[in-house]
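Student: I have a structure open and a list of terms to learn. Can we go through the terms one by one?

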Amino acid sequence: GYVLPVPRLNFNGLCFQDSPSGVGDGVQFSTAFAAGIQIAATWDRDLMYERAAAIGQEFRGKGVHFALGPMMNIDRNALHGRNWEGFGADPYLSGENSFYYVRGIQDQGVVATAKHYICNEQESNRTYRPKTGPSQGYSANLDDKTMHEIYLWPFMDSVAAGTGSVMCSYNQVNGTQACQNDKTLNGLLKDELAFQGNVMSDWGATKVSLESALGGLDINMPGHDNLMGYSLLQFIQNGSLSEARVTDMIVRIMAPYFLVGQDQNYPSLDLNRDAISDHYVINQAVGRAGMVLLKNVNNALPFNRNVDKYYSIFGSAASRYSDGIDPHGVLGLDGALYQGGGSGYVRPTYFIDPLTSLLEYAREFHLQIQYVIDQYDYSAINNALNNRGFFGGKCLVFINAWSSEGRDRQNLSAYHDGDKLVQKVASLCSSTIVIVNSVSQLNLEPWIEHPNVTGVLWS
């Protein structure tokens, strides 16, 4: 997204760029930060702020003015393809994350964009295309109490933190499109919460002109549909839109620009400028702190490297993708996950998978490791499990689940028959540790109570 420069006013324009977990859209030299769902699992306000500050430094380093995050939709639908971008189903936890994200981003001189406002809780039927129809998109229908206690809460915290922008969503709310919804935009956000920044549409979420301007929309993105801009002039001339409202739009667009100091020596725009610094340090800290130990029978974890010398590694999720860094396809993912897909995805500058790390660790501490990455090759898996040299050793099974913007998950099962893999390994290995690498909820019931599954680590 781009607002053009106005040279006579010494205004150099505004660049709006995804995503909540780093500088996205395939931009080079970006850190793929641990996703929102992972930082939420830390419950650590300091880490929340430090992660956001590092993300903000990369946006600023590339000269981007608006970071399109945080994403704070409430995880009310376990199949929602974008759950990994947000902070989970607890409104208070989501609000705390949103608050410190906004502070961390804007302390770097970058404007935060709280999204997707509001009740954007699924990808299925989210869009409404009047020209192609017939789908009108879904409507989230809810009462005032539910709106305030659940869905509005994290946006309230974002406004309290001083967010400069809020992005309205694709869906309808109580039968009205979110980007022309007078009740949610003017009534709740700008009046009740006293939000003084701008409301920006999600890309293509603006459906009508006058109603959107009156309903509270300030920026139409990407803007190629002629619904705002000069199109508003006719409404001013015929008296259906006041000049004061257009002035209000401009003030709301420019206020955050001055609030965070973008008029003072802000870097020029260069999306491919190297801005990653040493942000892997905070990224590792978030990755560690956000892991959750779900099962640990008889202190199976942590391992003792002086005693536990033999390790068998199973599962494609232990390794990197077979065809490069970028995941693609709905079901074809075959490697360790660092983020989910869609506009929130950040292309990493580098990618170190768990197996590589374990092999380096084995070199340093003289451990013996065998592995089978192809989890459909049960001949190789059987051979590894029957390798007498590894009897009594530890078995690490990596499973994952992927999701993306644009589609919801089909089920809550692990990808690539991951349940079957765990059951197979556990049937022959008395100390099986399962490492779950998932975008959101997963059904662990098929194997969680297996006596040989002695540890489960969720990341």
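Tutor: Two points come before that. This is a predicted model, where local features need pLDDT of at least 70, side-chain atom pairs count only at pLDDT 80 or more, and totals for chains, interfaces and linings use all residues. Residues are numbered from 1 along each chain as its sequence is written, and side-chain values use heavy atoms, with hydrogens and water left out.

Student: Why is the link of Cys 168 and Cys 179 called a disulfide?

Tutor: A disulfide is a pair of cysteine sulfur atoms within 2.5 Å. The sulfur atoms of Cys 168 and Cys 179 are 2.1 Å apart. So the pair meets the cut-off. The link is right-handed, with 105° about the S-S bond.

Student: What makes this pair a tie between parts of the chain?

Tutor: Look at where the two ends lie. Cys 168 is in strand β6 (residues 165-168), and Cys 179 is in the loop between β8 and α6 (182-192), so the bond ties together parts eleven residues apart in sequence. Strands (E, at least two residues) and helices (H or I, at least four) are DSSP runs, numbered from the N terminus.

Student: How do you know that Cys 395 and Cys 429 form a disulfide?

Tutor: Their sulfur atoms are 2.3 Å apart, and that is within the cut-off for a disulfide. This pair links distant parts of the chain, 34 residues apart. Cys 395 sits in strand β13 (residues 394-401), and Cys 429 in the loop between α13 (418-428) and β14 (432-438). The structure holds two disulfides.

Student: Why is Cys 395 called buried?

Tutor: Buried means under 20% relative accessible area, exposed means over 50%, and partly exposed is in between (1.4 Å probe, protein chains only). Cys 395 has 4% relative accessibility, so it counts as buried. Cys 429, at 6%, is buried too.

Student: Now the rings. Why is the pair of Tyr 361 and Phe 365 called tilted?

Tutor: Rings of Phe, Tyr and Trp (its six-membered ring) pair if their centres lie within 6.5 Å; planes under 30 degrees apart count as stacked, over 60 as edge-to-face and the rest as tilted. Tyr 361 and Phe 365 are 4.5 Å centre to centre, with 45° between the planes. So they pair, and the pair is tilted. Both lie in helix α11 (residues 354-365), four residues apart, about one turn of the helix. Phe 365, at 23% relative accessibility, counts as partly exposed.

Student: What makes Arg 305 lie over the face of Phe 365?

Tutor: A charge sits over a ring if NZ of Lys or CZ of Arg is within 6 Å of the ring centre and within 35 degrees of the ring normal. Arg 305 is at 3.9 Å from the ring centre, over the face. Lys 420 lies over the face of Tyr 378, at 4.7 Å.

Student: Last one. What makes β5 and β8 edge strands?

Tutor: The open sheet has three strands in the order β5-β7-β8, with mixed pairing. β5 (139-140) and β8 (176-177) each have a single partner strand, so one side of each is left without a neighbour in the sheet. Two strands pair if DSSP finds at least two bridges between them. β7 (residues 172-173) and β8 have two, in the antiparallel sense.
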